[in-house]
Amino acid sequence: MAKWAMAIDLDRCTGCGACMAACKMENNVPIVEPDEALQGRVMHWMDMITEYGGDYPGIEIKRMPKPCFHCDNPPCTRVCPVGATYRNEEGLVAQVYHRCIGCRYCMVACPFTAKVFNWKDPAWIEGASTCFNPDVSRRMVGVVEKCTFCSHRLMKVKETADEEDRPINDGEYVPACAEICPADAIYFGDIEDKGSSVYKMSGDYRASRVMEDLGVEPKVYYLVKRTR
Amino acid sequence: MEIKRRDFIKLVGGTSVSLAVGGCAMDEVLEIPDRLIHRVRTGPGIETWKNTICGLCPGGCGISVRMVDGLPVSIRGNPHYPVNLGGMCSLGLNALHMLYHPDRLKGPMKRTANPGSGRWEPITWDEALKIIAERLTELRGGQKSRQVAVLGYDERGLMEQHIARFMKAYGSPNYFRFSPSQNDMVPHSLLHGHSRIPAYDFLNAKLIVSFGSNFLGEGYSPVYYTKLYSHHRELQTQYIQVESRMSLTAANADKWVPIRPGTYGALALGIAYVLIREELYDARFVGGSTFGFEDWADRSGSRHLGFRSIVLGNYYPEKVSEITGVPTAAILELGRLLGNTPKSLVLGDGGAVDNTNGTFAQMAVQSLNALLGNYEAEGGVFFTDQAPVRPLPDVEVDAVAAAGSRSEPLTSSRDVPFPLSDFSIESFAKNILADSPYPLSVLFLYHGNPLFQTLNHLDFAGALKKIPLVVSFDSIINETSEYAHLILPEHTFLESWGEISDVPTVGFSHFGIQQPVVEPLHDTRGTGDVFTELARRVGGTVKSAAAFTDYREEVRYAAEGLFRSGQGAVVAKGQKQPWIEFLQRRGWQTGRYATFDEFWEQLLLNGGWWNPARKKKNLDELFTTPSGKFEFFSQRLNSEFNRLLLKLDETGSSRNLESVLSRLNISARGDNAMMPHHEAVPYEGDRPMYLVTFQVMPNRDGAGAALPLMQELFGYSVHSPWESWAEIHPETAAAAGVSNDDWVWVESSIGNVRVKAKITPGIMPDVVAIPFGMGHTSYGRYARGHGVNPNTIMRNLHDLVSGKPALEATKVRISRTS
Amino acid sequence: MTEKHLPYENDLDAALYRPIYHTGRGYYLSLAVLVAVIVWALYMYVTQLRSGLGVTGMAQPITWGFYIVNFVFFIGISHAGTLISAILRLSKAEWRRPITRMAEVITAIVLAIGGLHPILDLGRPDRMFSLLESGRLQSPLLWDVTSITAYFTASTVYLYIPMIPDIARLRDQGGKLTWMYTFMAWGWTGTEHQKRVLNRAINLLMVMVIPIAVSVHTVISYIFSMTLQPGWHSTIFGPYFVVGAIFSGIAALLIVMIIFRKAFRLEAYLKVIHLQYLSMLLLIMSIVWFYFTFSEYLTGVFGDEPHEMEIIMYKFTGPFAFFFWGMVVCNFVIPMVLLSFKRFKTIAGILIASIAVVIGMWLERLIIVVPSLANPRMHVPMGIYIPSMTEWALFAGGIAVFILGYMVFAKLFPLISIWEIEEGRKEGLKEVEERIHSYLPSTTNPA
Amino acid sequence: MPMLNWPRVARFTVNIILFVMPVFMVSCAFVSDDDVKQPIAYNHRVHIENAGLKCQECHLYVETMASATLPSIEICRTCHETAPLSESQEELALLKYVSEEKEIPWVNIYQVPDHVYFSHRRHVVGGELECSACHGMVSAMTAPVTSAFLEVTMENCMDCHRSKNVSNDCLSCHR
């Protein structure tokens, strides 16, 4: 069974934000009204964390794209009262929108603040001037949603691979952010497959995961020069 | 009674009645015609991809549009297109929102009340074109063809030719493009002789020092540079960014050198001092291929100081440090690093050139490349070839047209402020207002939004009001087109034909084909076709500008040149991996197509053509200056000054260079004025902070503001959606009693704006930075009324030589709003 | 009201019957105000139902706000009753007799209100039955549902059973609502057998109710402590919450007692001594609460774990400093001052201390829930939580429902257990005497 | 004093169970959704048996795409171009649609909600399912489809998946 994982090379990443836009377009993530957005209800499945370090003028700005980490030992699924979020056999942490009761316990339990909530009806903002990706369902008011590693793509890829009776090739199934990244900083694939790029990247000397000490086993690896 | 079981249960269940259950169907929210909705609803969901070129910024990325049953649903990068290789920026990814924008005009519009009233009535294409054509014919009949002007923005290549041909056949010299990037070539032309913007060999350079050039976020093609940058670790390239504010590029650089705005040239010369003093410069290149390095004597025998003497005499590190705020040690270090690292590269843009002294600063920066012998060197500076497109056939010019074209363009005036500018909106507006040298009767506005993007909106707004017929091609009404009498809405780039080729600074010649991926959603037309139609309607020799049935034919005609040249190849699969090697080796590739039809088919299928092969040029064929060399002393600038001298003489001023220079507000005197030097920016003394503006990826030149997603992502780096902000250094903020997310007034001598403070250490303590792109008063429902436009508080200053807007020449004061 | 004379007027405890049959104008006035508040809250809730939780002030990352704060707070208050009355009954504290019922009523009403709060907080209340249909017992939220339901059942039964003899008395008055009293009295006639059954039932229930009560608040604390969030992930949370709950419960009980003592003129029954005894308990709980709080923060500060410290500093000196120090003052300083010195230990003093504690405990819930959410481990932009009108309305509505419920109850049933008072007079005295004798060294047989 | 009338309580409870619930259930049953009327009384049997058509000849994408699609008039036109092939009134109605180039407003009976990914290709080609497994014996149908043979419910999907040992993971169908 494959285990999908991601590696983000922060030495390549410039923090341009293309992954955020790609994600929103791919997954029909609602654009909230401006005043809601300012209140902190912006919905990004792929978020960008900015941290400052160093002393002036030796300032370092670390920008870090942050999807859901699809933890192997997810703290969010454990607390869900109705099983609306769970980790499947392939390591994807799923969110079942039609079962979610909107208690937001999973959001509270997630140490990485990876989930977002539909505070209002996602009837997009006035005029709704957009087109939707027909591969992804739209959510309804009052449910939690989050990055799915574009699992709708996996469905289609699996279908083709099964039909041709072959395993899924490395790079055949990648989420929108990895596909679009102008710096090629996002690697994605089956981490159990020793030939995959993400397996190689996860073993790189620069690779680490966020807050490994928590023991939640995130499946998103960050690659960053240790001495910078 | 028609009660469905589900409704009934819902009724009985009660609880869910008030809640909207489930998402809405796709067609409920799309702004698309019914015929397309039917397709989506009943179609099998067949997925197709069509390649075209993104038209939202000049970057020219190849995109693949994903269509389900023929309806575009998403965009990704064309993985084979060499500029972006599948990469995209956030703005381009969002292009479909532009296609489906609810405020797009559904057809031509005629204004029925005052500008800004928002009162428009629909008009048919035929009527609209008739009004314009009649007016054009009338003017031409009265020998007044020169009273027609086209104000373009940043169009290049075919579209520029197309409009130029129309104007030539019609008989008017007044075709201008106001994009600030049009002025970028001026300093290059002074040094190199030709006005081509150089490209940089990023992949082979080991050290890249960028003076204010935010190439990852703002340059001509950020995606292209991001691709290049992404290899820096394995290639061990070192990046150093000299900039007042820590831009996206600075944040990714290995080192950020903060510098006072308006002093980039001084730092470059300070580094030149180190290079020269420590003999770290490339003596072979400087000796053989430059002019004006050593002291020299002109034909009359008078002695002139060379670059070496001037630099050594004026730009010693202590002084430069005082001017720039960069520590002496850092200057020495930078100079030594540049001198001692083989394949070190210098480039300048952005803050370095967006100032009154921009031209001289850019000359100073490029001088470093000359000192380092970077021209045509590996990891250096080179000039790309032009894509061998077939030139369009000449137009017929009758006597009226010839006379009209010969007359003085509306942008020049007796006291031309900018000697080397093609166009300055400043003098354009003044001339229109003064009817000097002649009145303007018809103005076409093509792309861009001058009232939002330039520094002197007020003059230009007055000018717009004065013109009897203003025609705009905008598809969403913006600040400028509010003043138009007629709007002939253009297709979005996803519905129209076009090409984007040879994007400046991209290191190979390329030709990207823009083709409609979907039939036009609304009753819009391509502007190329509109000009063709106008040419037909005006008739006579003007008809020769309508040589092609439609714009597609024109693109096809131009592309035939690529096929005939036998060079390069249609972009194709399998380039991704060896791409870097391609660039490094400058390899060669040929296509497999026997006829042009096959070539054309391939071109449409794959989205473009490119030629990675480039013959290395000899240094003596590189420069087209009078001396044929790189000119530290610009003879072109010198002759330009002399020309002005003659001109001033006519008006009876005293006859010396000094009067010209003072007229131009250039403070340098003598030879200095023709050479790279530090020209102090005339800052006002009574305000403590420098105002700096920058563009953000999701917005770029203000165009992204129409898109809701881009508005939301606008401040993604500081978490400021839909809102402008001011970046302030922690020390400054503490002194002003400002904390994060406080509202502050940023106040200049022109006016003030209210923005949210974002405290970031990545900025100089005496600099405040506001992003550009927000603060629209028009431009659709999403743009209007969010954030501020920092241009409104900027002094109306421009580059003394090129006329480029001086975006960093204003000082401000900040205070907390109570 | 001019009505026929009812038999109670000759009763020794006529004062306890009187409020049931006599209603003043003030009662109707306050009723009207409360109903108005409740209608307002309902209207706000319907708006929330229609447009989603967006009408609240919650946002990312502060995704839990007033509803959860009030949930924990109300459930905490609910410990006033059953637990205290059970403990007092179990320990045979004779001064409990006028107090138990008042305490138990608080529990039943407040528990119903508190238990509804998570539903207010649901994004999809229409799907709440999924909790039963596809609930996961592994989730602390489901433990909560279970234990609150159990506690609610147990405490209503525990309230109802000792009420039966009193209801029978009311039935026998033959005044209003005799049909209801008949139904509820369950045929009580006061036979020896019935008394024995009643006593056994009470004894059984009070033993059962204590662990359930303790479990309820422990489990509520588990909602927080089972996550990995700094500031929450603490083993002390279970007992800490229970202590806090009892603490706030006693305070609430005191407030109710003092108010009804005044309103229903029950001074003869609720004597100062009762209040003082109870306030002594309050003082003890204040100290225990302080001990827990101190331990909780000391471990955090001493450990100096960065994420933990961020939250602690957010409470100590950051935006929540006012609330934090307010809590310390309300929960510790004021009760310590007012209740330790005899001079302040008047009824007014006790009332002030109790009100302070209730406010303080509400603040405690607030500073447990919000700061941890405002400072997530991942440095996403910090949020500011400003509760919206809807949330305030529902808070006010919750309190209004409580007061209304209490007032309606007081109009239907005696607030002080008549038969227990009687029993105290008849058998209690004797029994206590015997009990004390049994404590003392035996005089007859020193061996 | 009267004791509680236990028999009465019991009767009351039983009444609630026996009366109210059935009323609810019966009314649910009566308010059915079988009131679909197709624009043309299409006869599957005639087309399959007499004309010898195969399913995928009209439902073009059954083996290649997620959605099998209802045929557009372009497909009808290949046979029903001008002259009617039978005496059926329905065919005349069809010819009217064809001549007017108007799509027939078929009512789609088998509607999968948008949060479910159901692929015909996967079920027909990969899973080798017969059409009749979900759609019933279409070849014997003389009346147009007005109700689903196998209702599109999650239970039905999962039952079949379970019996065929196919993954019932949420993410394999929900998107």
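How much area is buried between chain B and chain A, and what percentage of it do carbon and sulfur atoms give? Here are some friendly notes to read beside the structure, which is a predicted model.

1. **The interface by area.** The size of an interface is often given as the accessible area lost when the parts come together. For chain B and chain A, the buried area is about 5300 Å². Carbon and sulfur atoms give 60% of that area.

2. **Polar links across the interface.** Side chains of opposite charge can pair when their charged atoms come close. Between chain B and chain A, six salt bridges are found. There are also 15 residue pairs in polar contact between the two chains, counting pairs with both residues at pLDDT 80 or more.

3. **Two salt bridges to look up.** Start with Lys227(B) and Asp184(A), whose closest N and O atoms are 2.9 Å apart in a salt bridge. This pair crosses between chains: Lys227(B) sits in helix α9 (residues 222-229) of chain B, while Asp184(A) is in the loop between α6 (176-180) and β8 (186-190) of chain A. Then turn to Arg76(B) and Glu179(A), whose side chains form a salt bridge with an N to O distance of 3.2 Å. Over all chains, the count of salt bridges comes to 76.

4. **The largest cavity.** Rolling a probe the size of a water molecule over the atoms shows where empty space is left. The largest cavity holds about 760 Å³ of space. It has 39 lining residues, and those closest to its centre are Pro180(B), Glu218(B), Asp354(B), Gln695(B) and Leu807(B). Which strand gives the most to this lining? That is β25 (residues 689-695) of chain B, with four residues. By class, the lining is made up of 14 nonpolar, 14 polar and eleven charged residues.

5. **The second largest cavity.** The volume here is about 210 Å³. Of the 23 residues that line the second largest cavity, Ile197(B), Tyr220(B), Gly348(B), Asp349(B) and Gln362(B) lie nearest its centre. Three elements of chain B, namely α8 (185-192), β15 (344-348) and α17 (358-371), each supply at least two lining residues. The most comes from α17(B), with three residues. Sorted by class, this lining has nine nonpolar, ten polar and four charged residues.

6. **Backbone details worth a look.** Most residues other than glycine have a negative phi, and most peptide bonds are trans. Where can you find a cis peptide bond in chain A? Look from Tyr56(A) to Pro57(A), where omega is near 0°. Pro57(A) is placed in the loop between β2 (47-53) and β3 (60-66) of chain A. In chain B, Ser436(B) and Pro437(B) are joined by a cis peptide bond with omega about -5°, and Pro437(B) is in the loop between α19 (425-434) and β17 (442-445). Finally, Thr505(B) has a positive phi, near 70°, though this residue is not glycine. You will find Thr505(B) in the loop between β20 (498-501) and β21 (509-514) of chain B.

Conventions. Residues are numbered from 1 along each chain as its sequence is written. Chains are lettered from A and ligands numbered from 1 in the order in which they are written. Side-chain values use heavy atoms; hydrogens and water are left out. Buried area is the accessible area (1.4 Å probe) that two parts lose on being put together, summed over both. A salt bridge is a side-chain nitrogen of Lys or Arg within 4 Å of a carboxyl oxygen of Asp or Glu. A polar contact is a pair of N or O atoms within 3.5 Å; within protein, one must be able to donate a hydrogen and the other to accept it, and residues adjacent in sequence count only if both atoms are side-chain atoms. On a 1 Å grid over the protein atoms alone, a cavity is a set of points where a 1.4 Å probe fits but cannot get out, and a pocket is an open set with protein on both sides within 12 Å along at least five of seven lines; lining residues have an atom within 4 Å of a point. Grid points are joined across faces, edges and corners, and a volume is the space filled by probe spheres set on the points. Ala, Val, Leu, Ile, Met, Phe, Trp, Tyr, Cys and Pro count as nonpolar, Asp, Glu, Lys and Arg as charged, and the others, Gly among them, as polar.
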